[in-house]
Structure formats: structure tokens, C-alpha cells
Amino acid sequence: MKKITRALASLVLSSSLACGLVACQKADSKSGNEAGEKQIKYQDGHYEARSEKTDKNGGYGKIAIDIKEGAITQVSFEVFDKDDKKKDESYGSDQNEGLYKIAQNSLKALPVLEESLVKQQNPNQVDSVTGATWNSYLFRDAARVALNQALPEDQKLSSDEDIDDALLNETQESE
């Protein structure tokens, strides 16, 4: 009986120690991440910008961002072709039905990108939307340009921080 009690006590003690170590590690890594993150404080206002980069056909994006109390509160994003024509419900209509559907699906991603920026507060943390790789790329670039207007000089974001050029080059090569 003593052996069983000791074994059981040993098992409980080992389990408690293991759980405690895991909890401590999680707490340490969480506080480490929070301490290492750069806090961004935007200046209030309305900021508009055009993406500096373009898609493979010369298209670009325009963004408008509202900031209140240091936080992004509203985002509006539109994409244009190389001839400055806004991509809308007619975008892709000169193609076959399948390509038209793909073109239109890429436009449906715009509200997702806008909402993501409001939630994330940083264009670096806005994920690309499946089926809208180019629009996601233009969105992050335009957001970076607009938000640079709202940042103090020592917090300006570089294009290398925002855009994964290796992914872009890989996408261009596959098309």
C-alpha cells in the first residue's frame, strides 16, 4: 500500500511540476513577444495614398485611412488599371466567364483587407487573401505609404518590412 501511495504521490508531484514549467515557459514567451513588439502610435487625421508599386499589368491601389485617438478606425481601398480606370463590376468582363469570375472574386477581398487593417493596426500584419494576391500586395503597399504620413519620423515603415518581395517575384515567375 505504501508503494502505491508513494508512486501516486510521485506521479502527482511530477505532473504538477511539468504543468508549472509549461505555464512558466508560456508566460515567459508571451511577455517576451510583447516586450519585443514595436508599439506604433499614429497621429490622428485622414490620410490618402496611392501604392508606389504596381501589379504586373501596371495596376495600382488607392487607400484612404482615418485615424482617431492614435488608432486606425476606417479604411477604404480601391484598385485601378494602368489607364486609371477603377476596377469594378465590369472588371474582367472582356474575358471569358471563368476569368471574369476570378477578377470579380479578387475585388471581393477588398473589404476583408480593409477590416484586417483596422483590426491589426499594422500593414505588416495584414495577410494576403487567397485569390487576391495582387490586390493584397497593392493594399499593403498603399497602406504603408498612407500610414507613413501618420507616423513620427523615427517610426516610418520601409517597404521591405511590409512587402515580401520574394513572394511577389515567385508569383510573377509562375504567371
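**Close-up views of a predicted model**

**View 1. Surroundings of Ile72 in the predicted model.** Once neighbours within four places in sequence are set aside, Ile72 is in contact with Tyr42, Ile65, Asp66, Ile67, Leu117, Val118, Gln121 and Leu147. The coordinates shown here and in the other views belong to a predicted model. Ile72 is itself among the residues with the most contacts inside the largest nonpolar core, a list that also includes Ile65, Ile67 and Leu117.

**View 2. The largest nonpolar core.** This core has 29 residues, and those with the most contacts inside it are Ile63, Ile65, Ile67, Ile72, Phe77, Leu117 and Phe139. At least two core residues are supplied by each of strand E1 (45-50), E2, strand E3 (71-80), helix H3 (110-120) and helix H4 (133-148), and H4 provides the largest share, with 9 residues. In soluble globular proteins, nonpolar side chains tend to be buried together. Over the protein chain, buried residues make up 34% of the 175 residues.

View 3. The largest pocket and its lining. The volume of the largest pocket is about 790 Å³, and its lining comprises 27 residues, of which Asp55, Asn57, Lys87, Tyr91 and Ala103 lie nearest the centre. Helix H2 (97-108) and H4 each supply at least two residues of this lining, with H2 giving the most, 4 residues. The chain as a whole. The protein chain contains 6 helices and 3 strands, which follow the pattern α-β-β-β-α-α-α-α-α when read along the sequence. Among contacts between residues at least 6 apart in sequence, 53% join residues at least 24 apart. The chain exposes about 11300 Å², of which carbon and sulfur atoms supply 51%.

**View 4. Confidence along the chain.** The mean pLDDT of the protein chain is 77, with 66% of its residues reaching 70 or more. Confidence is highest in strand E2 (residues 60-68), at a mean of 98, and lowest in helix H6 (residues 165-174), at 39. Over residues 7-37 pLDDT stays under 50, and the model has 0 contacts beyond four places in sequence for this stretch; over residues 160-175 pLDDT likewise stays under 50, although here the model has 20 such contacts. Where pLDDT is low, the predicted coordinates should not be read in detail.

Methods:
Residues are numbered from 1 along each chain as its sequence is written. This is a predicted model: local features need pLDDT of at least 70, side-chain atom pairs count only at pLDDT 80 or more; totals for chains, interfaces and linings use all residues. Side-chain values use heavy atoms; hydrogens and water are left out. pLDDT is the predictor's confidence in each residue, from 0 to 100. Contact means heavy atoms within 4.5 Å. A nonpolar core is a set of buried Ala, Val, Leu, Ile, Met, Phe, Trp, Tyr and Cys residues joined through side-chain atoms within 4.5 Å. Buried means under 20% relative accessible area, exposed over 50%, partly exposed in between (1.4 Å probe, protein chains only). Accessible areas come from the Shrake-Rupley method with a 1.4 Å probe; for residues, only the protein chains shown count as cover. On a 1 Å grid over the protein atoms alone, a cavity is a set of points where a 1.4 Å probe fits but cannot get out, and a pocket is an open set with protein on both sides within 12 Å along at least five of seven lines; lining residues have an atom within 4 Å of a point. Grid points are joined across faces, edges and corners, and a volume is the space filled by probe spheres set on the points.
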